[in-house]
Amino acid sequence: MKINKKIRDEVLTESGGEDAIKIVDFIKDKKETSEFVIAEKTKIEIHKTRNILYKLFESNVASFTRRKDKIKGWYICYWDFSPQNIRFAYQKLKKDRLEKLEVRLEKEKGQQFFMCKNACARMNFEKAMDFEFKCPECGELMHQQDNSRTIEVLEENIESLRKDLAEN
Ligand SMILES: [Zn+2]
């Protein structure tokens, strides 16, 4: 798999939110950019900038060194983008998504679901029984829902994620 901009941006947004792209675009061709310079140039508030950068660090797609500023006397973090780790972060992202979908699929397959006709509530059998099959929101009787379409969609998504992972 070739890491294109779309994949890179997906990893960045998923890790650090929309502004992560802006930050990475600013530091990607530079070396050891001060967090204050990043905040100033991207016009993102310093606390938010730091927050995003640490999230990128946690996803392993950014690194930093901390140095004491000789004049001001406090520590400043200098940041670098780690494009070589995008691939791994992307795979991890897909694996996490896959796991969540598989758990969800198990739940859908192993249980009956009940739903209010006004669509205010959906719950499994045990919970519906607690409410005596009456919607806790509007009081309407809840009916068993056919979740075969949900299962189908989940299986399709799982299949496509597995394919994606196998190609990488
Ligand atoms: Zn209802």
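The largest pocket holds about 290 Å³ of space. The model is predicted, so local features need pLDDT of at least 70 and side-chain atom pairs count only at pLDDT 80 or more, while totals for chains, interfaces and linings use all residues. Residues are numbered from 1 along each chain as its sequence is written, and side-chain values use heavy atoms, with hydrogens and water left out.

A pocket here is an open set of points on a 1 Å grid over the protein atoms alone, where a 1.4 Å probe fits, with protein on both sides within 12 Å along at least five of seven lines. Lining residues have an atom within 4 Å of a point. Points are joined across faces, edges and corners, and the volume is the space filled by probe spheres set on them.

Which residues line the largest pocket? They are Glu 14, Ser 15, Glu 58, Ser 59, Asn 60, Phe 88, Ala 89, Lys 92, Leu 93, Asp 96, Arg 97 and Lys 100. Two elements give two or more residues to this lining: helix H1 (5-16) and helix H5 (86-110). H5 gives the most, with seven residues. Helices (H or I, at least four residues) and strands (E, at least two) are DSSP runs, numbered from the N terminus. By class, the lining has three nonpolar, three polar and six charged residues. Asp, Glu, Lys and Arg count as charged; Ala, Val, Leu, Ile, Met, Phe, Trp, Tyr, Cys and Pro as nonpolar; the others, Gly among them, as polar.

Leu 105 is buried, with a relative accessible area of 9%. Buried means under 20% relative accessible area, exposed over 50%, and partly exposed in between (1.4 Å probe, protein chains only). Leu 105 and Ile 151 are 46 residues apart in sequence, and their C-alpha atoms are 6.4 Å apart in space. In helix H1 sits Lys 6. Lys 6 is exposed, at 65% relative accessible area. Its C-alpha atom is separated by 20 Å from that of Phe 57, 51 residues apart along the chain.

Now turn to helix H3 (residues 35-42). Its buried residues are Glu 35, Ile 38, Ala 39 and Thr 42. Seen down the axis of H3, these fall within an arc of 95 degrees, so they line one face of the helix. The arc is taken from the directions from the helix axis to the C-beta atoms. The face turned away from the buried side of H3 carries the exposed residues Glu 40 and Lys 41.

Next comes the zinc ion. Its protein donors are the SG atoms of Cys 116, Cys 120, Cys 135 and Cys 138, lying 2.2 to 2.3 Å from the ion. Donors are N, O and S atoms within 2.8 Å of the metal (3.2 Å for Na, K and Ca); water is not among the atoms, so sites may look incomplete. Along the chain, the donors follow the spacing C-x3-C-x14-C-x2-C. Why is the arrangement tetrahedral? The four donor atoms subtend angles of 104 to 115 degrees around the zinc ion, which makes it so. Four donors count as tetrahedral if all angles lie between 85 and 135 degrees. Cys 116 is buried, with a relative accessible area of 3%. Cys 120 is partly exposed, at 36%.

Two loop residues remain. Glu 32 lies between helix H2 (19-27) and strand S1 (33-34). Its phi is near 45 degrees, a positive value in a residue other than glycine. Phe 133 is found in the loop between helix H6 (125-130) and strand S6 (142-145). Phe 133 has a positive phi of about 60 degrees although it is not a glycine.

Technical notes: Four donors count as tetrahedral if all angles lie between 85 and 135 degrees; four count as square planar and six as octahedral if opposite donors are over 155 degrees apart and all others between 65 and 115; anything else is irregular.
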